[in-house]
Amino acid sequence: MKDLTINRATASELPPVFAARHLIDGAWIDGGESFERVSPSHDVVVSRAPLGSAAEVDAAVSAARRSFDAGIWSRISAKDRAAVLLKVADLIEANVERIAVQETLESGKPITQARGEVGGAADLWRYAAALARTAHGDSHNSLGEDMLGVVVKEPIGVVSVITPWNFPFWILSQKLPFALAAGCTVVVKPSEMTPSSTVMLGELLIEAGLPAGVCNIVLGYGDPVGSRMTTHDAVDMVTFTGSTAVGKRITQAASGTLKKVALELGGKNPQVILPDADLQNAADAVTFGIYFNVGQCCNSSSRIIVHEDIAEDFVARVVALSRKVRFGDPLDASTQVGAIVTAEHASKIDGYVQAALAEGARLELGGAPLRVEGLGPQFYQPTVISGVTPDMAIAREEVFGPVLTVLTFRTLEEAIALTNDSDYGLSAGIWSNDIHSCLTFARRAQAGTVWTNTWMDGFPELAFGGVKQSGQGREIGRYGYEEFLEVKSVVMRIGRDSRAPWVAQGEA
């Protein structure tokens, strides 16, 4: 990898170890066994958090239940809820650097990316505040002169929010402000590997004036904390982002109480490249799509489906661009790609690569760990693998790393078939200057989001989520907001004595 650009920050002082705490009913709580997070890029302890138990979950759920039933948040005006959310947005923007540095240290993502995600999350909070004031139901004035029907929307209740390690602050902001905007109360569990930015957000919620008990935070492992959050009788809904395997277990666990479950899960997202596309622009988007967040992204474009006539040229373009991507120290502002989250996950990524090569795939670039002088061992080379067939594990399973697989096709029909030949259906993309090809693909691709001549552009107004084993339900946008609302019909009879008696009148 002699042509790979590797960055190492000049001597930088790391902040003190962050002491994370539970937030239950407005109080910060320490105690019990703790967990230390070692930075995947700098190999030093960067945070310490208590490991919660079922007892902390029960206390947090009870606090959320009490605050919801008391109406201190659920029954106040949408204007007042929106005002708090807008204050949170302002406070997020005022604390971007502090939150972003800590998230970079815990997750291994580049500091510029972390700044963009934390700062950009403020817009999600502002959009959720706007939605709070625009919620409405329906009225039915056509049921007869003695009847009036009204359909109202109410907060679903207590929501368990479980978030992953790859986008701790951003994904929390795709869920939490929309639940709060609807009037719900919540219990949040971040990944034990990246707890700090969630706790920092909890501090901002208190500063913004969110009443005690409305948002509670419990730190710890999926078992027992997450499992208790998904089975608790007083929880009305679970929203989870993470792996498909864990999502299935949550659905099974929640079925005992028939609580609502919203899931944003894995993806094996394709980009289809047609011969008439702007190939250099497409190659740049493919390079971005596979290395963004070290490929540890549910929306990673981990497989490309390229027309046979241009496959060799296009792969060469992607390889050339890949050599220029700046891997290295996440605290270096020029770094584009940082560290793998754990050594175990790095080994899993390499296992997929070696298995594909053993099956006959061709290595175009990378295919091994990356050593960055002075930093930890959890880096992996940008990797491009061609000669991949649809039956290979690397073409079907979520690698979750900086590994791009290349498949080829002859016709648009074949490209669509390859796109849909997957258990997943989170996102898909197509590159072509023919609008008819783009629209045909967009209508037939089995995916929750389809991009044409771009990749991973998103807006608070547009819903996000998947089909098939990529999840159920939607986040952000109006559809994401309405996930946290229940629909109630109110049927009203007008006028005294307008209802005919059912029991015969008169003497028995």
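Tutor: Before we start, helices (H or I, at least four residues) and strands (E, at least two) are DSSP runs, numbered from the N terminus. The model is predicted, so local features need pLDDT of at least 70 and side-chain atom pairs count only at pLDDT 80 or more, while totals for chains, interfaces and linings use all residues. Residues are numbered from 1 along each chain as its sequence is written, and side-chain values use heavy atoms, with hydrogens and water left out.

Student: Which element gives the most to the lining of the largest pocket?

Tutor: A pocket is an open set of points on a 1 Å grid over the protein atoms alone, where a 1.4 Å probe fits, with protein on both sides within 12 Å along at least five of seven lines; lining residues have an atom within 4 Å of a point. Here the lining has 42 residues, with W165, F240, G242, S243 and V246 nearest the centre. Elements that give two or more residues are α7 (222–231), β12 (237–241), α8 (244–254) and α11 (343–358). The top contributor, with seven residues, is α8.

Student: How many residues in the lining of the largest pocket are charged?

Tutor: Asp, Glu, Lys and Arg count as charged; Ala, Val, Leu, Ile, Met, Phe, Trp, Tyr, Cys and Pro as nonpolar; and the others, Gly among them, as polar. The lining has 15 nonpolar and 16 polar residues, and the charged ones number 11.

Student: And which element gives the most to the lining of the second largest pocket?

Tutor: This pocket has 28 lining residues, and W170, Q174, M456, D457 and G458 are the closest to its centre. Two or more residues come from each of α4 (111–132), α5 (168–182) and β22 (449–452). With five residues, the leading element is α4.

Student: Why is one side of β7 and of β25 left without a neighbour in the sheet?

Tutor: Two strands pair if DSSP finds at least two bridges between them. The open sheet is antiparallel, in the order β7-β8-β25. Because β7 (138–140) and β25 (485–493) stand at the edges, each has a single partner strand.

Student: Which residue of β8 is the bridge partner of D138?

Tutor: β7 and β8 (residues 147–155) run antiparallel and are joined by three bridges. Within β8, the partner of D138 is V151.

Student: Which residue in the turn between β5 and β6 has a positive phi?

Tutor: Five bridges join β5 (residues 34–38) to β6, and the two run antiparallel. They form a hairpin with six residues between them, and the residue with a positive phi of about 60° is D43.
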